[in-house]
Amino acid sequence: MRNRSSLISRRVLLRALLAAAAAPAPFAALAGFNFFTSEYTASREELQAQIAKRFPVQQRYAEIFTVGLRDPQLGLDAKANRAAITAVLSIASPLLRPSAVEGVVSVSSALKYDAPARALRLDQPKAERLELQGVTGRDAERLQQIGALVAQEMLHGQALRTFTAEELTVGRKTYEIGDITVQQDGIKVELK
């Protein structure tokens, strides 16, 4: 009888282990959540992957210029509690010779939480640096102003991370996002 009881216990244990091995898939989405400390940390890699999906972007300016951004790179400034996007910028217009110029723009931004969309968004972006190739003088100054303005407009409200309702719900408790803290290797949000 003891062998049969021991065999049943082993089967139960084996089933429990197999069930536990199959279970990590749903919990993988919760990897950055720490419900004991009421916080979620999005890693730089996770945020970079999310941002890359939303590019390239472009916008017309004054019906004469088309400004585009591509190849975004995320920067995190823990001291200033700001995130930054550095991207390749292009400005095209029939008035330009050649018809397009390229350069690099860096835009830093505060962060805010958009509760209805459950999204962590860029807020009040500011172009910190803009360099254009092959343009000098007053033309360069004008194009830098246009590029900076349009880059800020395009990045304003850009989502860095969007949460699902399931991610913010544990049992019967649904969490909201509170304080947002930029760290060297990620962004931490308070769950309240």
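**Entry 1: cover over helix H3**

I looked up what lies over the buried residues of helix H3 in this predicted model, and found that the cover includes strand E2 (39-43), E4, E5, strand E8 (159-162) and strand E12 (186-191). The buried residues themselves, in a helix that spans residues 44-52, are Leu 47, Gln 48 and Ile 51. Viewed down the axis of H3, these residues fall within an arc of 100 degrees, so I note that they line one face of the helix.

**Entry 2: the chain as a whole**

I then recorded the overall composition, which is four helices and 12 strands. The chain has 192 residues, of which 35% count as buried, and its accessible surface comes to about 11700 Å², with 54% of that belonging to carbon and sulfur atoms. Of the contacts with a separation of 6 or more, I find that 57% are between residues 24 or more positions apart.

**Entry 3: the largest nonpolar core**

Which residues of the largest nonpolar core touch the most other members? I list Leu 69, Leu 89, Ile 91, Leu 111 and Ile 187, in a core of 46 residues. H4 gives the most to this core, with eight residues. I keep in mind that in soluble globular proteins nonpolar side chains tend to be buried together.

**Entry 4: Thr 66**

I find its side chain joined to that of Arg 60 by a polar contact of 2.9 Å. Not counting residues up to four places away in sequence, Thr 66 touches Gln 58, Gln 59, Arg 60, Ser 90, Ile 91 and Ala 92; of these, I had already met Ile 91 in the largest nonpolar core.

**Entry 5: salt bridges**

How many salt bridges does the structure hold? I count eight salt bridges in the structure, and I examined several of them one by one.

The side chains of Arg 70 and Asp 71 meet at 3.5 Å, N to O, and I record Arg 70 as partly exposed at a relative accessible area of 33%, with Asp 71 also partly exposed at 46%. The salt bridge between Glu 131 and Arg 129 has an N to O distance of 3.1 Å; Glu 131 is partly exposed at 43%, and Arg 129 is partly exposed at 35%.

For Asp 139 and Arg 142, the closest N and O atoms of the salt bridge are 3.9 Å apart. Because the two residues are three apart in helix H4 (residues 137-155), they are separated by about one helical turn. Asp 139 counts as partly exposed at 47% relative accessibility, and Arg 142 is partly exposed at 43%. I also note a network of salt bridges that links Glu 46, Arg 161 and Glu 167.

**Entry 6: backbone geometry**

Where are cis bonds found? A cis peptide bond joins Phe 55 and Pro 56, with omega about 5 degrees, and I place Pro 56 in the loop between H3 and strand E3 (57-61). The bond from Arg 97 to Pro 98 is also cis, with omega near 0 degrees, and Pro 98 lies in the loop between E5 and strand E6 (100-114).

For phi, I looked at Asn 81, which has a positive value near 55 degrees and sits in the loop between E4 and E5, where it is partly exposed at a relative accessible area of 33%. Gln 124 likewise has a positive phi of about 55 degrees although it is not a glycine; Gln 124 is found in strand E7 (residues 119-132) and counts as exposed at 55% relative accessibility.

**Entry 7: Ala 80**

Last, I looked at Ala 80, found in the loop between strand E4 (65-77) and strand E5 (82-92), and recorded it as partly exposed, with a relative accessible area of 42%. The C-alpha atoms of Ala 80 and Ser 109 are separated by 9.7 Å, the two residues being 29 apart along the chain.

Methods. Residues numbered from 1 in each chain as written. Predicted model: local features only at pLDDT ≥ 70, side-chain atom pairs only at ≥ 80, totals over all residues. Heavy atoms only, no water. Buried < 20%, exposed > 50% of the residue type's maximum accessible area, 1.4 Å probe, protein only. Polar contact = N/O pair within 3.5 Å; in protein donor to acceptor, adjacent residues only side chain to side chain. Contact = heavy atoms within 4.5 Å. Areas by Shrake-Rupley, 256 points an atom, 1.4 Å probe, with all protein chains shown as cover. Arc of directions from axis to C-beta. Salt bridge = Lys/Arg side-chain N within 4 Å of Asp/Glu carboxyl O. Core = buried A, V, L, I, M, F, W, Y, C linked by side-chain atoms within 4.5 Å.
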